[in-house]
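Me: I have a structure open here and would like to talk it through. Could you start with the overall layout and then go into some detail?

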Amino acid sequence: REAGCALNIASIRAAGAKLEDAIALAQEAQDLYRENKDKAGEAKALRMLAELYADKSDFDQAIEAAKDMRKKLQETGNLRAEVGAVRTLSGVYTAASMAGEALRSASEAIVLAKKAHDKTLLAESLILVSETNLALAVQDSPDTLAKGSDRSVKPAQEAYKLAKSLGHARLMGSAKYQEAYAKFMTVKLDEAVEAATAAVECFRQTDERDREAAATILLAEIHHGKSEEEKALEVANQGVMLAKACGDTE
């Protein structure tokens with residue numbers, strides 16, 4: 001319980017931008033979990049450390065913490081949790097502008113999700129592969145952007161099919177959002193409008209206003225890309241209203 005409390009306080013400190021305090025508390029939690037031989041708890045603390053170090057732009061430490069997190073979870077034999085660790089590592093690599101490593105980790109998450117026979121994790125990992133493919137293309141050069149964006153579309157579409165088979169509306173929305181963004185980047189604007197509209201509808205079904213707002217704003221950007229300025233402004237205003245409503249407690 002003491003270790004869990006330390007992690008909770010670390011989260012609060014991190015939210016208040018007191019990163020050094022948060023890191024010290026997360027390290028304290030890790031030590032307590034280690035003393036209790038709680039490998040899953042220690043992995044939880046390491047995940048927080050990885051995220052905190054990444055926020056601090058201390059990427060060497062963040063990568064080390066994420067790798068240590070994975071090792072701890074491998075010792076538990078929990079494949080599903082290991083998928084989360086690999087995805088955390090991919091996120092750290094992305095933050096560090098190491099898109100190639102991020103893509104390799106995301107691809108590994110797909111392999112682990114298949115071994116775990118977890119379709120939800122597989123869909124989430126496919127979306128991550130789509131995101132990292134696009135990030136790699138952007139990082140390399142403008143000349144490779146179109147090709148990388150095309151490679152980003154297929155895993156997003158596969159994720160959508162999986163999510164639809166599960167009846168998982170939020171995941172369906174996330175997959176369609178990613179597909180829309182990839183098609184926007186390759187200037188396939190009519191197809192991007194279709195995918196973004198589908199994402200908005202999915203998030204509306206789940207009443208996730210923050211995600212619906214993000215998808216609506218992306219849709220506005222696509223309309224702007226098509227020089228449909230009146231439509232873009234109308235949709236952008238809808239997105240802003242949704243974003244403002246996210247903080248509404250009623």
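**Helices and their packing**

Reply: This is a predicted model, and its protein chain has 12 helices and 0 strands, so that, as the definition of these elements goes, the pattern read along the sequence is α-α-α-α-α-α-α-α-α-α-α-α.

Me: What share of the 250 residues is buried?

Reply: Buried residues make up 46% of the 250 residues in the protein chain, while the chain exposes about 13100 Å², of which carbon and sulfur atoms supply 50%.

Me: OK, switching to α4 and α5, how do their axes cross?

Reply: The axes of helix α4 (residues 59-76) and helix α5 (residues 79-95) come within 9 Å and cross at roughly 170°; an angle over 145 degrees counts as roughly antiparallel, and α4 and α5 are therefore roughly antiparallel to each other.

Me: And which residues meet there?

Reply: On the α4 side they include F59, I63, M69 and L73, and these α4 residues belong to a contact with α5 whose members include A81, V86, L89 and Y93. By class, the contact of α4 with α5 has 13 nonpolar, 3 polar and 3 charged residues.

Me: Now α2, what span should its 17 residues have?

Reply: At 1.5 Å a residue, helix α2 (residues 19-35) should span 24 Å, and its end C-alpha atoms are 24 Å apart, which agrees.

Me: Which α2 residues are buried, and what follows the helix?

Reply: In α2, the buried residues are L19, A22, I23, L25, A26, A29, Q30, L32 and Y33, and the helix is followed by K37, which has a positive phi near 55°.

Technical notes:
Residues are numbered from 1 along each chain as its sequence is written. This is a predicted model: local features need pLDDT of at least 70, side-chain atom pairs count only at pLDDT 80 or more; totals for chains, interfaces and linings use all residues. Side-chain values use heavy atoms; hydrogens and water are left out. Axes are lines fitted to C-alpha atoms, for helices over the stretch in contact, and angles run from 0 to 180 degrees between N-to-C directions. Helices (H or I, at least four residues) and strands (E, at least two) are DSSP runs, numbered from the N terminus. Angles under 35 degrees count as roughly parallel, over 145 as roughly antiparallel, 65 to 115 as roughly perpendicular and the rest as oblique. Contact means heavy atoms within 4.5 Å. Ala, Val, Leu, Ile, Met, Phe, Trp, Tyr, Cys and Pro count as nonpolar, Asp, Glu, Lys and Arg as charged, and the others, Gly among them, as polar. Buried means under 20% relative accessible area, exposed over 50%, partly exposed in between (1.4 Å probe, protein chains only). Accessible areas come from the Shrake-Rupley method with a 1.4 Å probe; for residues, only the protein chains shown count as cover. The expected span of a helix is 1.5 Å times one less than its number of residues.
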